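Good morning, and thank you for making time for this presentation.

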Amino acid sequence: MEYRRLGQSGLTVSQISYGNWITHGDQIEAEQAVACVRAAFDAGITTFDTADVYAGGQAESVLGEALTGVRRESYELATKVFWPTGPGQNDKGLGRKHIVESMNASLKRLRTDYVDLYQAHRYDPTVPLEETLRAFDDLVRAGKTLYVGVSEWSADQIADAVRLAGEMGLDRIISNQPQYNMLVRAIEADVVPTSARSGISQIVWSPILQGVLTGKYLPGQPPPPGSRATGSTGATFIGQWLREDVLAGVQNLKPIATDAGLSLAQLAVAWVLQNDNVASAIIGATRPEQVRENVKAAGVVLSPEIMARIDDALGAVVER
């Protein structure tokens, strides 16, 4: 494993992070989840990402159980707030009430006194940005989080947050968590340049596009039994990518991965890490061997020739 600084902060994260969006509390049982977390530690992963809304809070609970007994100072723990966590009008968004109450609930589920990174899971246009940033700053001052970040914010939203935090003397965001992979590259145009200028790194999710970039989904064939595309939650998100043109393009990547000495999954994870603004790529896993395979992408340097061949193989299916 190799490690990178998160933005211009003093926080170091592992190049590969372990996330539990559709796995813990949903796709796999707690015992298997613990095995995957142990495999992550064994492979050198120190950064773990979750959210209050994943599996209705169960993802945080399972991760908290898996991390019990591990020296708290030895890993970095991140969670998020925004999406509804209850039926009330204040059980959602980035108002002070929901932010503070969601943090307290997350800490209980995670069985810890603090998280290393607390992230705004989306931007909330219904709440003054000043209120959101002040609430986050208060949590930092209270010792409940060490740093703050955002997820899926636009370049303008990031720039506004950085400017306001500077004007108000508040703790500044150090990270953004967008979707980023060989097929989804929208952040390259504006988000990455804006973040780089502001001392903000990306912690990217879905580097293998929920399994599409592993090559296991084949053109003209149904999804393999037990794959994410057959799950109740995963199928909703992955379905748009199970198109013939996309799956054919992914198959074109196989000889490129072979020439690089990598599996398709390793190639996909290594690809996102070639971007200097990416501090860490989040992987999920339903089996420990998936963790052990994907971490081999850490530290891999892809030649300009390989990068160009990837672009040619995917062609017009890339979203920019």
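This is a predicted model: local features need pLDDT of at least 70, side-chain atom pairs count only at pLDDT 80 or more; totals for chains, interfaces and linings use all residues.

I begin with a pair of helices: H3 and H4 cross each other in the right-handed sense. A crossing is called right-handed if the near helix is turned clockwise from the far one by less than a right angle, and left-handed if anticlockwise. Helices (H or I, at least four residues) and strands (E, at least two) are DSSP runs numbered from the N terminus. The contact is made by Arg96, Ile99 and Met103 on the H3 side, and on the H4 side by residues including Glu131, Arg134, Ala135 and Phe136; contact means heavy atoms within 4.5 Å.

Residues are numbered from 1 along each chain as its sequence is written, and side-chain values use heavy atoms, with hydrogens and water left out.

To return to the helices, the axes of H3 and H4, the latter covering residues 129-141, come within 9 Å and cross at roughly 30°. H3 is therefore roughly parallel to H4. Axes are lines fitted to C-alpha atoms, for helices over the stretch in contact, and angles run from 0 to 180 degrees between N-to-C directions. Angles under 35 degrees count as roughly parallel, over 145 as roughly antiparallel, 65 to 115 as roughly perpendicular, and the rest as oblique.

H3 also packs against H2, at an angle of about 40° and with the axes 7 Å apart. That angle makes H2 oblique to H3. Here Glu60, Ser61, Leu63 and Gly64 of H2 meet Ser106, Arg109 and Leu110 of H3.

What do the strands form? Eight of them close into a barrel, in the order E3-E4-E5-E6-E7-E8-E9-E10, with parallel pairing. From one strand to the next, the twist averages 30°. Two strands are said to pair if DSSP finds at least two bridges between them. H4 lies across E5, E6 and E7, and runs at about 155° to E7.

Asp49 has Ala78 of E5 as its bridge partner. Together, E4, H2 and E5 make a right-handed β-α-β unit; right-handed means that, with the strands pointing away from the viewer, the path from the first strand over the helix to the second runs clockwise.

E5 then pairs with E6, residues 115-120, in the parallel sense over four bridges, and Lys80 stands opposite Gln119. The chain crosses from E5 through H3, residues 96-110, to E6, and this β-α-β crossover is right-handed.

Is E5 buried or exposed? Six of the six residues of this strand, 76-81, are buried, so E5 is largely enclosed by the rest of the structure. Buried means under 20% relative accessible area, exposed over 50%, and partly exposed in between, with a 1.4 Å probe and protein chains only. In a regular strand the side chains alternate between the two faces of the sheet. Both faces of E5 are covered, with Glu76, Ala78 and Lys80 buried on one side and Leu77, Thr79 and Val81 buried on the other.

Further along, two bridges join E7 to E8 in the parallel sense, with Val148 opposite Ile173. The chain passes from E7 through H5, residues 155-168, to E8 in a right-handed β-α-β crossover. E8 and E9 run parallel and are likewise joined by two bridges, and Asn176 stands opposite Gln202. E8, H6 and E9 make a right-handed β-α-β unit. E9 pairs with E10 in the parallel sense over three bridges, and Ile203 has Ser280 as its bridge partner.

I close with two loop residues. Most residues other than glycine have a negative phi. Ala55, in the loop between E4 and H2, has a positive phi near 50°. At 29% relative accessibility, Ala55 counts as partly exposed. Gln210, in the loop between E9 and H7, has a positive phi of about 55°. At 8% relative accessibility, Gln210 counts as buried. Its C-alpha atom is separated by 8.3 Å from that of Phe237, 27 residues apart along the chain.
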